[in-house]
Amino acid sequence: MADFTAGRAAYLQIADEFKRRIRDGELAPGEKLPSEAELMAQHSVSRTVARQAISRLREDGYAVSHQGKGSFAALPGEGSPSKRSPEFEQITEYLSEVRRDVRRLAERMDQLEDLVRQQAQGR
């Protein structure tokens, strides 16, 4: 179970831990990462938090996911960025902005759900 720091989203803490392990060589590029279910069990978090952690790793270049096979460790910048077109870079930046917005909305939804639960318990 993770020892989450107050005030910092759990998914960010999980993602940061995996980034550190990948940078330090504890997880080699291409090595399979834990599934959402495994992250949920290991860190006692919801599926949403596990999914957000894996998503963050992908966004930051530390993971590559293959549907039906899972997610695998990667190092940012691997591949051939020089072969990417300017249009590709624009689309990638736009998608990153959309992902950030969706992440913010998900965090806000979590806060609102917590508020509703607290108010329901107070009745």
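Predicted model: local features only at pLDDT ≥ 70, side-chain atom pairs only at ≥ 80, totals over all residues.
Starting with the overall layout, the protein has 4 helices and 2 strands. Out of 123 residues, 24% count as buried.

Helix α3 takes in residues 47-59, which makes 13 residues. From its first C-alpha to its last it reaches 18 Å, close to the 18 Å expected at 1.5 Å a residue. Quite a list of α3 residues turns up as buried: Val-49, Ala-50, Gln-52, Ala-53, Ile-54, Ser-55, Arg-56 and Leu-57. After α3 comes Gly-61, with a positive phi near 85°.

Over on the surface, a nonpolar patch is formed by Ile-91, Tyr-94, Leu-95, Val-98 and Val-102. Together these side chains put about 460 Å² of accessible area on show. Ile-91 belongs to helix α4, which covers residues 86-122. With a relative accessible area of 52%, Ile-91 counts as exposed because the cut-off for that label is over 50%.

As for the rings, the structure holds 0 aromatic pairs. Phe-72 does have a charged residue over its face, though: Lys-32 lies there, at 5.9 Å from the ring centre.

How values were computed: Residues numbered from 1 in each chain as written. Heavy atoms only, no water. Patch = residues over 30% accessible without salt bridge, like charges linked within 9 Å, V, L, I, M, F, W, Y side chains within 5 Å. Areas by Shrake-Rupley, 256 points an atom, 1.4 Å probe, with all protein chains shown as cover. Salt bridge = Lys/Arg side-chain N within 4 Å of Asp/Glu carboxyl O. Buried < 20%, exposed > 50% of the residue type's maximum accessible area, 1.4 Å probe, protein only. Phe/Tyr/Trp six-rings, centres within 6.5 Å; stacked < 30°, edge-to-face > 60°. Lys NZ or Arg CZ within 6 Å of the ring centre and 35° of its normal. Expected span 1.5 Å × (residues − 1).
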